[in-house]
Amino acid sequence: MTHADIEITADLVRDLLREQHPDLADLAIREVAGGWGNQMWRLGTDLAVRMQRMDPTPEFQLNERRWLPVLAPRLPLPVPTPVRSGEPSTRFPKHWTVMTWVPGDPLDRSSISRGDHAAGTLAGFLRALHVPAPADAPVGGDRGGHPKTCADGFDRLFHAVVPDGLADDVRTVWDDAVAAPEWEGPPLWMHGDLHPANVVVSDGTLSGVIDFGDMSAGDPAWDLAAAWVILPAGAASRFFDAYAQADAGTIRRARGLAAMKSLFLLLMGRNGDLGLPGGKPGWGPAGRAALDRVLRG
């Protein structure tokens, strides 16, 4: 049995807690739907256990352990904060972390009805997050760089799932992002993976941000793509007005990256419809809606 084949059950989670954090072992444990690189289990009312599953390296969890306690105190929305570390053992040869639970419904299973409020909330969150990162902050490979560095990835998504009749318009948005100027500021802290499954909603608006495994330093346009990927139609302009730190070139890069992220959601949705591993059936409609918002500008 490979590490990826290990079945993660409530009994396994409880056994690991008994071995390494026995004071938490009697709390109620229940699985949280979703997740791919990591599997989440609710622990009591205020905690969660994040179990490394398909992620090939513990780097993502270790980054969260190292940096979320630094970032969380100055962020205006709740984010998961590590409180205990679970180390590999003979029972489970991967990393796991006990974190605070962020209440709310993931956006991929909910919706935003208060678009202007959500736009201002997201802008305030990203203004607080987007500050110069220290020299030892993680670097996310292509993520965080100029769109031209991930042209091959965009092309694969484009040829796989671009909807009929939209190819020319999507390509125009992407080409404009590739032609936009480089980010000339210092590398800024980024979430790195803002999409509907990584934000939570309460009372019709954003109420938390989760899954910081891809946090890194780079071009903030990668996060600003959320103006189209997360927010409802018509909210992008309100978002950029409230964010007030993005020049025209950054917005062009962000819009192209939003097109790429929308295609990724479409691909994951198609894979889910086909029953392929890692596919997310509910992501297809979210990806199409996001792509329509991108093309409207």
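Me: What counts as a salt bridge here?
Reply: A side-chain nitrogen of Lys or Arg within 4 Å of a carboxyl oxygen of Asp or Glu. This is a predicted model, where local features need pLDDT of at least 70, side-chain atom pairs count only at pLDDT 80 or more, and totals for chains, interfaces and linings use all residues. Residues are numbered from 1 along each chain as its sequence is written, and side-chain values use heavy atoms, with hydrogens and water left out.

Me: Which residue does Arg114 pair with?
Reply: Asp203, in a salt bridge at 3.2 Å, N to O. Arg114 is in the loop between strand S6 (105-106) and helix H3 (115-129). Asp203 is in the loop between strand S8 (199-202) and strand S9 (205-209), 89 residues apart from Arg114. Helices (H or I, at least four residues) and strands (E, at least two) are DSSP runs, numbered from the N terminus.

Me: Is Asp203 buried or exposed?
Reply: Exposed, at a relative accessible area of 65%. Arg114 is partly exposed, at 32%. Buried is under 20% relative accessible area, exposed over 50%, partly exposed in between (1.4 Å probe, protein chains only).

Me: How many salt bridges in total?
Reply: The count is 15.

Me: OK, Glu87. What does its side chain meet?
Reply: Arg65, in a salt bridge at 3.1 Å, N to O. Glu87 lies in the loop between strand S4 (82-86) and strand S5 (96-100), and Arg65 in helix H2 (residues 59-71), so the pair ties together parts 22 residues apart in sequence.

Me: And is Arg65 buried or exposed?
Reply: Buried, with a relative accessible area of 15%. Glu87 is partly exposed, at 34%.
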